[in-house]
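Look at the sequence and the model below before reading on.

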Amino acid sequence: MSLLRCSCFGWMKEAAALTGLAVALGIGADLVLPQGVLQQTAMVLRDLELQVPVHLWQPAQVAAAVESGEIVLLDARPPRDFQALRVSGSLHAPVADFEDMVEELAVEVAGQQVVVLLPSEAIDEARHLAQRVVTDLGAEAVGTLDGGIDALWETDVPREGKEAP
Amino acid sequence: MSRFVSVVARVLLGLVFLAAGGLKGMNPHGSAIAVGAFQMTPPMLSLVGGILLPAIEVVTGAALLTGFFLRGALVLSFGLSTMFATGVVSVMVRGLDLECGCFGHLAITPRAGWGTIAFDGSLLALTLLIAFTTRRR
């Protein structure tokens, strides 16, 4: 038992030494780097405080929530895609026009639960837009769709548009 | 044989930690935001994590590659892998959508999910393999 304790002590002592080295390296590197966090603490803290949890919705969950009217869908695809096929009742706010539509959209989504719809390849854009749906539009909660909007066409969600069956 | 396995595992694990820490360390702001996105730590702690996490990964990777303070590096590797896996499990349980941020902001960054847990599990397995083979020598 005491042998084990001695052995563990050696491992922990080495780990503590490496951690000390890492702390010195981390702080030193941060001070040297032009975009170091310590030189812009207030800005980084503000960005961290503005972070909003974005939930990941499954297509079947979204279809059920649309049916029960629990959520508002915000379709951010270009107009051509939206006109071709869209979920019935979804709001349209193309990414490129979002800035100009903030006031108009805020009326519709403030206090609501919103899911942002974009193709799966635009996941970064969808996450970014989702954050803004809460910070700029005042939505209560926001989510993105697993598999993007194309996954939603596999469900029986009500749809309309030129390509609607 | 076990020595050969141990060295290969050390090099592999060391390179993974060096790459992960190096890529994160080039953008400390992004690293802090990535820590904060897990919604598990208050902003100040996320900021500190953004500075220290890449450095701990780099030091761990370098120690694994050189064999200098190897036992300490294994303790840190075990701690980091367990912490990452716990973070991803927590994200999945809470149903959050975020990129894992394992290697900073690369062009293709996987979503925190089963794939990331498998990756962290592999790191943990390599750590235990090195610890086991090193102690047997």
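In which helix of chain A does Cys8(A) lie? Cys8(A) belongs to helix H1 of chain A, residues 2-32.

## About the model

This is a predicted model, in which local features need pLDDT of at least 70, side-chain atom pairs count only at pLDDT 80 or more, and totals for chains, interfaces and linings use all residues. Residues are numbered from 1 along each chain as its sequence is written, chains are lettered from A and ligands numbered from 1 in the order in which they are written, and side-chain values use heavy atoms, with hydrogens and water left out.

Helices (H or I, at least four residues) and strands (E, at least two) are DSSP runs, numbered from the N terminus.

## Two single residues

Cys8(A) has a relative accessibility of 42% and counts as partly exposed. Buried means under 20% relative accessible area, exposed over 50%, and partly exposed in between (1.4 Å probe, protein chains only). Cys8(A) is 37 residues away from Leu45(A) in sequence, and 38 Å away in space, C-alpha to C-alpha.

Thr60(B) sits in helix H3 of chain B. Thr60(B) has a relative accessible area of 0%, so this residue is buried. Leaving out residues up to four places away in sequence, Thr60(B) touches Phe17(B), Ala73(B), Leu76(B), Ser77(B) and Leu80(B). Contact means heavy atoms within 4.5 Å.

## The sheet of chain A

Chain A has an open sheet of five strands with parallel pairing, in the order E1-E6-E5-E2-E4. Strand E1 (54-57) and strand E4 (91-92) of chain A are at the edges with a single partner strand each, so one side of each has no neighbour in the sheet. Two strands pair if DSSP finds at least two bridges between them. Strands of a sheet pair through backbone hydrogen bonds, either parallel or antiparallel.

Strand E5 of chain A, residues 113-117, is mostly covered, with four of its five residues buried. E5(A) is joined by four bridges to strand E6 (residues 141-145) of chain A, and these two run parallel. Val114(A) is opposite Val142(A) in E6(A). E5(A) also pairs with strand E2 (residues 72-75) of chain A, in the parallel sense and over four bridges. The pairing of E2(A) with E4(A) is parallel too, over two bridges. Asp75(A) has Leu117(A) as its bridge partner in E5(A), and His92(A) as its bridge partner in E4(A).

## Where the chains meet

How many residues of each chain are in contact across the interface? There are 38 in chain B and 40 in chain A. The two chains bury about 3300 Å² between them, 70% of it on carbon and sulfur atoms. Buried area is the accessible area (1.4 Å probe) that two parts lose on being put together, summed over both. In chain B, His29(B), Arg71(B) and Asp97(B) lose the most area to chain A, together 19% of what that side buries.

Four salt bridges are counted between chain B and chain A. A salt bridge is a side-chain nitrogen of Lys or Arg within 4 Å of a carboxyl oxygen of Asp or Glu. Glu99(B) forms one with Arg127(A), where the closest N and O atoms are 3.9 Å apart. Helices H2 (28-37), H3 (43-66), H4 (70-93) and H5 (114-136) of chain B each supply at least two residues of the side that touches chain A. H3(B) gives the largest share of that side, eleven residues.
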